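Let us take a walk through this structure together. Have the sequence and the 3D view at hand, and we will go from one stop to the next.

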Amino acid sequence: EGRWAHLSASAKALISSLTNRDPKQRTTPAQCLEHRWVKTDAAISVSRLPPSSRAMILLREIASFQALGIKCLQDISEKLESVSVPSGQFVVRAGDAGEHVCFVCNGSVQLVNSSGEPGEIIAHGQFFGQKNVLEGNPHTADAKSLGAKKKSGDTTQDVVEVFKLAKPDLDALLAAYPAIKSSLLDAQHPPGLPHRSPSSRLLSSLSKRNLTASGDAPTSPGGTTGAPTTRDNPVTKACVVS
């Protein structure tokens, strides 16, 4: 089966149904949501991706970053460092130098002021610390991990995953892509931004490929060729794993 050999049976079944040449027989987004791989296997698959691939998926979900372009987002994702912080521990402390912009991937972080009063909760797809980094100021609040249930082997960890962008890397990226600064400063986190599950991220990525439209379908696990394959798209390539 070549390059499809590493995929699980449920992943192959889903890809085959999505790439059916007959639009009337092709799986719809609603049907995709009910598929076994989406319901039970997707979270495990996404968690197995390399950090840069998970970072790319995250960046594409941030509204203020969507105008930056794929090449820019890829360059940012390659500079992001994945850090797991257990619930109750701190991502940054008040007074720390502004050395990182922090993007929350899984779980959430709560800001705590100097009086110890809890403040804003930063959730999936949101970020903080950008003004401190850009202006060269220390952090004015603690950022405390609220955790997220994460399966690791036979144990379940309560950790938040944060992607950190270091100031030197940000400076280099700004030199190449000045628009990043506006995307960081103009971002307004919508109230109650929901955590998007791996299944909804998969559907979002696949919908961009217009797989439910009429016409030839991409290559399937069975080897049928047609339009450009999902491996030509960095996001769907990242999502479609065992």
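Predicted model: local features only at pLDDT ≥ 70, side-chain atom pairs only at ≥ 80, totals over all residues.

A176 has a relative accessible area of 51%, and because the cut-off for exposed is over 50%, A176 counts as exposed. You will find A176 in helix 7, which covers residues 167-176. From A176, look across to D75: the two are 101 residues apart along the chain, yet their C-alpha atoms are separated by 9.9 Å.

Helix 1 is mostly covered, with seven of its ten residues buried. Those buried residues are S10, A11, K12, L14, I15, S17 and L18.

Four strands form an open sheet in the order 2-7-4-5, and their pairing is antiparallel. At its edges are strand 2 (90-92) and strand 5 (118-122), each of which pairs on one side only. On average, neighbouring strands of this sheet are turned by 35 degrees against each other, direction ignored. Which strands pair over five bridges? Strand 4 (residues 108-112) and strand 7 (residues 142-147) do, in the antiparallel sense. To see one of the contacts for yourself, find Q110: its bridge partner in strand 7 is K144.

Note on methods: Residues numbered from 1 in each chain as written. Heavy atoms only, no water. Pairing = 2+ DSSP bridges. Helix = DSSP H or I, 4+ residues; strand = E, 2+ residues; numbered from the N terminus. Axes fitted to C-alpha atoms, helices over the stretch in contact; angles between N-to-C directions. Buried < 20%, exposed > 50% of the residue type's maximum accessible area, 1.4 Å probe, protein only.
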